[in-house]
Amino acid sequence: MFEERTAIKVSEAIKRVMQFCKKGEIEYINIDDAEGRYLGKAVVADHNIPSFDRTPLDGFAVISEDTASASPENPVRLEVIETVGAGNLAKREVKAGQAVRVMTGTMMPEECDAIAMFELTNEIEEDGKTWIELKRPFKKGDFVSFEGEETKKGDVLLEAGTKIHAGVIAVLATFGYSEVPVVKKPVIGIYATGTELLEVDEELVPGKIRNSNAYMIKTQVHQAGAEAVYYGQLADDFDQCYDAVKNTLDKVDALITTGGVSVGDFDYLPEIYQKLGANVLFNKIAMRPGSVTTVAEKDGKLLFGLSGNPSACFVGFELYTRPWVKTFLHSDKPFTEWVKGTLTEDFPKPNPFTRFIRSKISFEGGKITASPVGMDKSQVVTSLAHSDALVAVPGGTRGYKAGDEVDILLLFREGTKDPFKDPEKLRVKKSNDDA
Ligand SMILES: Nc1nc2c(c(=O)[nH]1)N[C@H]1C(S)=C(S)[C@@H](COP(=O)(O)OP(=O)(O)OC[C@H]3O[C@@H](n4cnc5c(N)ncnc54)[C@H](O)[C@@H]3O)O[C@H]1N2
Ligand code: MOO
Ligand SMILES: [Mg+2]
């Protein structure tokens with residue numbers, strides 16, 4: 001029998017999901033495998049950087065006092081007593097009137113306190129010795145890269161929950177992390193439900209479509225930093241779907257199903273949650289696409305019942321599953337980033353619910369703009385391929401005009417601390433507002 005559902009706000013739905021977040025455990029993995037993972041512990045400097053005073057230039061290490069009287073008219077002459085490259089140490093004691101030829105990265109000879117780069121010196125061979133002439137004085141510390149000037153021992157360099165990319169890897173390597181503490185990936189099981197579904201390699205036949213959601217969701221799961229286990233397709237058969245969901249729950253940290261969550265005769269997920277004794281957090285959200293997105297909880301594990309419609313499925317994951325994954329990975333920025341920007345085209349469709357319009361952003365004149373891409377319906381798949389943002393427009397409006405300021409959710413970015421707030425209706429501009 002048809003059951004009326006109560007729609008809740010997007011922000012309320014996110015809040016309900018976040019109440020069931022947990023943080024993943026830590027494991028150690030080789031630095032070679034760490035790219036894309038999330039740091040499980042903060043990285044604290046256990047030594048200074050640089051760890052010794054060094055030259056940042058190819059030139060000569062000098063004793064600054066020796067150069068005090070140097071001028072173009074009266075250059076100072078210093079004897080070059082040895083050459084040292086990075087990785088080697090000066091062997092000879094440097095006395096007054098002497099200098100050491102040093103290459104970038106070389107530890108400063110103990111007695112020297114300034115660097116004169118090659119470009120500021122004249123080299124002279126005389127009496128079987130090498131000399132340099134300096135036409136300007138150098139102060140103590142000139143051109144020296146000092147121990148600890150970049151980072152001091154004890155500095156917190158990276159927080160737990162940081163996504164590991166090339167720059168993070170560089171810091172980890174600098175501090176000797178051959179094994180990196182990372183958060184274990186949450187394992188997310190995926191089932192695609194629908195008797196109409198064909199596998200990707202199957203030929204189309206009347207009434208059937210290829211299963212795109214499973215592959216899309218697998219990719220979204222990976223992008224969010226979790227491990228996806230795809231358990232396959234299920235026909236719209238209550239017993240088959242119930243057994244699959246029930247038997248999979250203890251193998252995963254969360255379970256995603258696509259399809260079968262609406263009010264159709266063969267939409268079995270609502271009954272499955274009921275038979276499982278799961279606590280349904282919500283089954284209707286005041287949003288399009290994805291109004292039927294349902295999330296339930298069973299023994300602390302979340303069941304994300306995403307819509308079968310591809311765009312609704314995509315948006316449901318980004319808004320509700322992604323923050324759960326990111327929190328599991330210790331990120332303190334679990335929510336999809338959103339900014340204010342300008343719509344480039346009219347969007348005349350009336351909106352009963354908050355609408356997330358698949359869009360593409362660009363930067364014009366230093367401002368962010370968003371252009372809707374393709375047909376904006378829940379069942380649409382092709383526009384997803386061109387979207388890097390979702391324009392969020394509030395419900396209860398007659399549509400939007402080019403130039404209106406809107407909320408833009410940025411896809412494929414690290415995230416933000418601030419959860420999405422349902423957009424308020426745009427204030428209607430009255431003609432005397434310009435006065
Ligand atoms: N009387 C009502 N009918 C519908 C309502 C409603 O409120 N009252 N809601 C509509 C909305 S909104 C949506 S969204 C859909 C959601 O349907 P389900 O989540 O139950 O999904 P299905 O019925 O299984 O499939 C919907 C649609 O998506 C296609 N699909 C399913 N799985 C896949 C897949 N893996 N890859 C690609 N496409 C898939 C499926 O063939 C259907 O066309 O319900 C509306 N109905
Ligand atoms: O849940 Mo449906 O996608 O709102 O259109
Ligand atoms: Mg349905």
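Colleague: How do the residues of the shell around ligand 2 divide into nonpolar, polar and charged?

Modeller: Keep in mind that this is a predicted model. The residues surrounding ligand 2 are M287, R288, P289, G290, S291, V292, A312 and S378. Sorted by type, that shell has four nonpolar, three polar and one charged.

Colleague: Which residue has a side-chain N or O atom 2.7 Å from an oxygen atom of ligand 2?

Modeller: Some contacts here come from the backbone: a backbone N or O atom of S291 lies 2.6 Å from an oxygen atom of ligand 2, and one of V292 lies 3.1 Å from an oxygen atom of ligand 2. For the side-chain contact at 2.7 Å, the residue is R288.

Colleague: Thanks! On to ligand 1: what share of its accessible area does the protein cover?

Modeller: Let's start with who is there. Of the 24 residues around ligand 1, the nearest are E196, N211, G260, S262 and G308. The side chain of N211 places an N or O atom 2.8 Å from a nitrogen atom of the ligand, while a polar backbone atom of G308 is 3.0 Å from one of the ligand's oxygen atoms. On its own ligand 1 has 880 Å² of accessible area, and the protein covers 71%.

Colleague: Which strands each supply at least two residues of the shell around ligand 1?

Modeller: By type, this shell has seven nonpolar, twelve polar and five charged residues. The strands that each supply at least two of the shell's residues are β11 (187–193) and β13 (209–210).

Colleague: Last topic, the six-stranded open sheet: which strands stand at the edges, and why is one side of each left without a neighbour?

Modeller: The strand order is β6-β3-β5-β4-β8-β7, with mixed pairing. The twist averages 40° from one strand to the next. Each edge strand has a single partner, so one side of it has no neighbour in the sheet. Those edge strands are β6 (114–117) and β7 (121–126).

Colleague: Within that sheet, which residue in β5 is the bridge partner of E82?

Modeller: Strands β4 (residues 76–84) and β5 (residues 98–102) pair in the parallel sense, over five bridges. In β5, the partner of E82 is V100.

Terms used: Residues are numbered from 1 along each chain as its sequence is written. Chains are lettered from A and ligands numbered from 1 in the order in which they are written. This is a predicted model: local features need pLDDT of at least 70, side-chain atom pairs count only at pLDDT 80 or more; totals for chains, interfaces and linings use all residues. Side-chain values use heavy atoms; hydrogens and water are left out. A residue is near a molecule or strand if one of its heavy atoms lies within 4 Å of it. A polar contact is a pair of N or O atoms within 3.5 Å; within protein, one must be able to donate a hydrogen and the other to accept it, and residues adjacent in sequence count only if both atoms are side-chain atoms. Accessible areas come from the Shrake-Rupley method with a 1.4 Å probe; for residues, only the protein chains shown count as cover. Helices (H or I, at least four residues) and strands (E, at least two) are DSSP runs, numbered from the N terminus. Ala, Val, Leu, Ile, Met, Phe, Trp, Tyr, Cys and Pro count as nonpolar, Asp, Glu, Lys and Arg as charged, and the others, Gly among them, as polar. Two strands pair if DSSP finds at least two bridges between them. Axes are lines fitted to C-alpha atoms, for helices over the stretch in contact, and angles run from 0 to 180 degrees between N-to-C directions.
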